[in-house]
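Visitor: I'm new to this one. Please walk me through how to read it, feature by feature.

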Amino acid sequence: MLEGAELCFNVDHGYLEGLVRGCKAGLLTQQDYVNLVQCETLEDLKIHLQTMDYGNFLANQTSPLTVSTIDTEMRKKLCREFEYFRNHSLEPLSTFFTYMTCSYMIDNVILLMNGALQKKSVKEMLVKCHPLGRFTEMEAVNIAETPSELFNAILVETPLAPFFQDCMSENTLDELNIEILRNKLYKSYIEAFYKFCKNHGDVTAEIMCPILEFEADRRAFIITLNSFGTELSKEDRETLYPTCGKLYPEGLRLLAQAEDFEQMKRVADHYGVYKPLFEAVGDGSGAKTLEDVFYERELIGPID
């Protein structure tokens, strides 16, 4: 029985696990960063990257190189590798990969909608869309004038459909309503992703739930900050908060009643993990904003 168990160990995901371990071994080291910092031109950067696991991803690019070209080619490389992993995955891993792309899909839809509002061409806006969030029906986004029309026309067959069902309305899609739609979509998406990870349990829940909790709380704080001085009511503001973070439920209730930054800060004071972030926000020109400190904390890793 033991030998049989060993033969079947990780039979569904073993191949991809091996690839992930290989990718981890290819991450840039501190010495790699030191070498890259010493590069004086983008051509030097290209040569140094060729000696690492990045290989020859810039080999077909002619001089002079630009930052935009390097960024585009790195995105292409990322997407090729991501799609390879997703195409070779089985459930529930394939669903996890789909959840990973949904945030990019949401941003792409909102980008195209804002572009349509500003009378910009679809072709011009498609270039700005993140490749991980592309889907076939994207080009038809500009035909919709309400969230329900958007859903019925193009999104019903995409992974975003479950999130749009919670955002259906007949509101005209002006700039404010589009931003509200973005936040409603993210709320539904984060809550669904959190539930998926929580139900799966094990290491998935251990690693992903704190990440999603931080993202839920970050969005609640930023939504509150951006709502000051707008037409958004406190009641409507509260409906945009994801309900799976450390702030839920009492912190979100208090946050919904905040009328300025200082009142937001007092809410954060009740949560030891967020208090130092608010203390790091400056009030002068060039000082760190709330978004800056949350972004920096996100790069460090999940908050315990």
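Predicted model: local features only at pLDDT ≥ 70, side-chain atom pairs only at ≥ 80, totals over all residues.

**Cysteines and burial**

Guide: C129 is buried, with a relative accessible area of 5%. Here buried means under 20% relative accessible area, exposed means over 50%, and partly exposed lies in between, using a 1.4 Å probe and protein chains only. Residues are numbered from 1 along each chain as its sequence is written, and side-chain values use heavy atoms, with hydrogens and water left out.

Visitor: How many disulfides does the structure hold?

Guide: A disulfide is a covalent bond between the sulfur atoms of two cysteines. The test is a pair of cysteine sulfur atoms within 2.5 Å, and this structure has zero. C129 has no such partner: the nearest cysteine sulfur belongs to C79, 12 Å away. C167 is in no disulfide either, its nearest cysteine sulfur being that of C102 at 13 Å. With a relative accessible area of 3%, C167 counts as buried.

Visitor: Let's step back. How many helices and strands are in the protein?

Guide: You'll find 16 helices and zero strands. The C-alpha atoms fill a box of roughly 60 × 55 × 45 Å along the principal axes. Of the 304 residues, 39% count as buried. Look also at contacts (heavy atoms within 4.5 Å): among those with a separation of 6 or more, 54% join residues 24 or more positions apart.

Visitor: Which residues touch the most other members of the largest nonpolar core?

Guide: In soluble globular proteins, nonpolar side chains tend to be buried together. A nonpolar core is a set of buried Ala, Val, Leu, Ile, Met, Phe, Trp, Tyr and Cys residues joined through side-chain atoms within 4.5 Å. The largest one has 42 residues, and M113, L150, L160, L181, Y189 and F193 touch the most other members. At least two residues each come from α6, α7, α8 (147-155), α9 (161-164), α10 (175-200) and α11 (202-227), and α10 gives the most, with ten. Zoom in on M113: leaving out residues up to four places away in sequence, M113 touches V141, L150, L173, I178 and L181. There's also a second, separate core of 24 residues, including I222, A256, Y274 and L290.

Visitor: What covers the buried residues of α8?

Guide: The cover includes α6, α9 and α10. The buried residues of α8 are P147, S148, L150, F151, I154 and L155. L155 is also a contact of F135, together with M105, V109 and T158, leaving aside neighbours within four places in sequence. F135 sits in the loop between α7 and α8 and counts as buried at 13% relative accessibility.

Visitor: Which residues line the largest cavity?

Guide: Rolling a probe the size of a water molecule over the atoms shows where empty space is left. On a 1 Å grid over the protein atoms alone, a cavity is a set of points where a 1.4 Å probe fits but cannot get out, and lining residues have an atom within 4 Å of a point. The count is one cavity of 30 Å³ or more, and about 60 Å³ lies in the largest. Its lining consists of L112, G115, A116, K120, S121, V122, M125, M138, E139, V141 and N142. α6 (93-117) and α7 (122-126) each supply at least two lining residues, with α6 giving the most, three.

Conventions:
1 Å grid on protein atoms, 1.4 Å probe; cavity = no way out; pocket = protein on both sides within 12 Å on 5 of 7 lines; lining within 4 Å. Points joined across faces, edges and corners; volume = space filled by probe spheres on them. Helix = DSSP H or I, 4+ residues; strand = E, 2+ residues; numbered from the N terminus.
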